[in-house]
Amino acid sequence: MTSTQSDPKAIPKTTPRAIPVQSRSSGSGGGSYGRSPSASGSYGKSPRARDGFGKSPRSFSSPRSCSFEEENYFSRSHTSSSPSNTARFHLADLECFHVGQVWHDTGIALVGDGDFSIRLHCQRQPVPAGVSKETADLVVCVGSGGTYRSLEEGTCIIGLTYRRHGTKKGKAFLVPEFCTCIVKDPKPVLISCGVAVLRKSASGENQLVLKRGSNSQALVAVKAKLYSMLNGLARGQMKHQVDDIIRGINMWSNFELDLLADMSATSMRCLFYNSSSKQQHYKEAWSSLFVSQPPSNAILRQLQEAAEEEMSRRRSSGATTEDQTRPWTLPKGNFCHPAQGDYEKPWECAGRELKAETGLSWSDMRPEAVFVDVPRPDSAVSMERFFVWRDDSLPTPESGESGGEKQWKWFSFEEASRKSSTAKAILGSVQCQDLMK
């Protein structure tokens, strides 16, 4: 194993605050704590986490060894009642955190193991003037001397010393202070959880629930820029470039283009409704920009005209890009651990996401529920867990809903497999086939 390299001089050296070495009583749970520096500079065993809320981190299931080189990923599928899922230990018992995803634009890395993940808020590698910091490497201090190393998918952070914090919405994340080392060690990390909802319809057809993506990837890629622009315009700052925002407008969904073409406070509120980032929610201060139609601001008129032109082009050509820009997929989402109390379990995450994205309540939510782990197609180390649930009494939505609300639909197994590669993999699993017998 080799350490990932980065310029140690790129970031000024800082001395992390000393963390007092604490002892662990003999009655505490099993597993060894990670290593953190003692006052003498040597590394002794002590808890790594400082819980800012006065509660020790929730125990969690131990990681399972699994390989993404297996031809049949479903050979690892089983029920949550296996020993690996019922074992409990503190977050501080993890010897290392594997990096599953790196979000350069938000400065966040998803780290964890095969049974959970949590957000790690990192520092950025400094970039030259004029270069967007959204592409900068995320780094963690190695050792108390202040040498920094870059994080990449497939690396492993050993001996991490961190602080536990919560956002304004009460969600937990970790802030790294330093670690023993960072090595290349690709291991699977559970990034998200969801539910594959099945039923046999009154006509005898096997069906699966898919939900429509809330935003196109083209909009997600520029949403932060659009947010920053509206903020600046509301403060009277007129120097803004719109080229980066409208460059990929041909891949926006019809729904998003309609909202941009409407260019009103209501439509902008709806456009930012599904934003998960705290920096991407509608601000009431923007309403002053939309008091007239068309808007008096030339920059907003340029955005509006670009959306109208694209919609006109699609109508004249008969083209539709809705399935490409807002694809149908299984309801799922990332872990959202509360800042206080127990960390979220995989089945709790799956049930919460199902309710949020479809309005359906998973009546069979329990640790023993059958699940299937599927590798993410865009990553060599990230995986998703889908709990398989059948309920023939579930209703059919009256119509496709719009706005910021849920949009989901029942599809036959054949049609669902065509629309989603993940759905195809789930429906091909032994667990799914057994439930539908």
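What follows is a short chat about one predicted protein model.

Me: Before anything else, what kind of model is this, and how are residues numbered?
Reply: This is a predicted model, in which local features need pLDDT of at least 70 and side-chain atom pairs count only at pLDDT 80 or more, while totals for chains, interfaces and linings use all residues. Residues are numbered from 1 along each chain as its sequence is written, and side-chain values use heavy atoms, with hydrogens and water left out.

Me: How many helices and strands does the chain have?
Reply: The chain has 11 helices and 21 strands, where helices (H or I, at least four residues) and strands (E, at least two) are DSSP runs numbered from the N terminus.

Me: And what share of the residues counts as buried?
Reply: Of the 437 residues in the chain, 49% count as buried, and buried here means under 20% relative accessible area, with exposed being over 50% and partly exposed in between (1.4 Å probe, protein chains only).

Me: Changing topic, how many aromatic pairs are there?
Reply: The count comes to 8 aromatic pairs, given that rings of Phe, Tyr and Trp (its six-membered ring) pair if their centres lie within 6.5 Å, with planes under 30 degrees apart counting as stacked, over 60 as edge-to-face and the rest as tilted. One of them joins Y227 and W286, which is edge-to-face at 5.4 Å centre to centre with 70° between the planes.

Me: Where do Y227 and W286 lie in the chain?
Reply: Y227 is in helix α2 (residues 217-234) and W286 is in the loop between α5 (265-271) and α6 (298-317), so this pair ties together parts that are 59 residues apart in sequence.

Me: Are those two buried or exposed?
Reply: Y227 counts as buried at 11% relative accessibility, and W286 counts as buried at 0%.

Me: Which aromatic pair does W286 form with F272?
Reply: F272 and W286 form an edge-to-face pair, with 5.3 Å centre to centre and 65° between the planes. Both residues sit in the loop between α5 and α6, 14 residues apart, and F272 is buried with a relative accessible area of 1%. Y227, F272, Y282 and W286 form one aromatic cluster.

Me: What about charges over rings, where does R199 sit?
Reply: The charged end of R199 sits over the ring of W410, 4.2 Å from its centre, the rule being that NZ of Lys or CZ of Arg is within 6 Å of the ring centre and within 35 degrees of the ring normal. The charged end of R385 likewise sits over the ring of F371, 4.1 Å from the centre.

Me: Now E177, which strand is that in, and what does its side chain contact?
Reply: E177 is found in strand β13 (residues 172-178), and counts as buried at 10% relative accessibility. The side chain of E177 makes a polar contact with the side chain of R163 at 2.8 Å, a polar contact being a pair of N or O atoms within 3.5 Å where, within protein, one must be able to donate a hydrogen and the other to accept it, and residues adjacent in sequence count only if both atoms are side-chain atoms. E177 and R163 are 14 residues apart in sequence and 7.4 Å apart in space, C-alpha to C-alpha.
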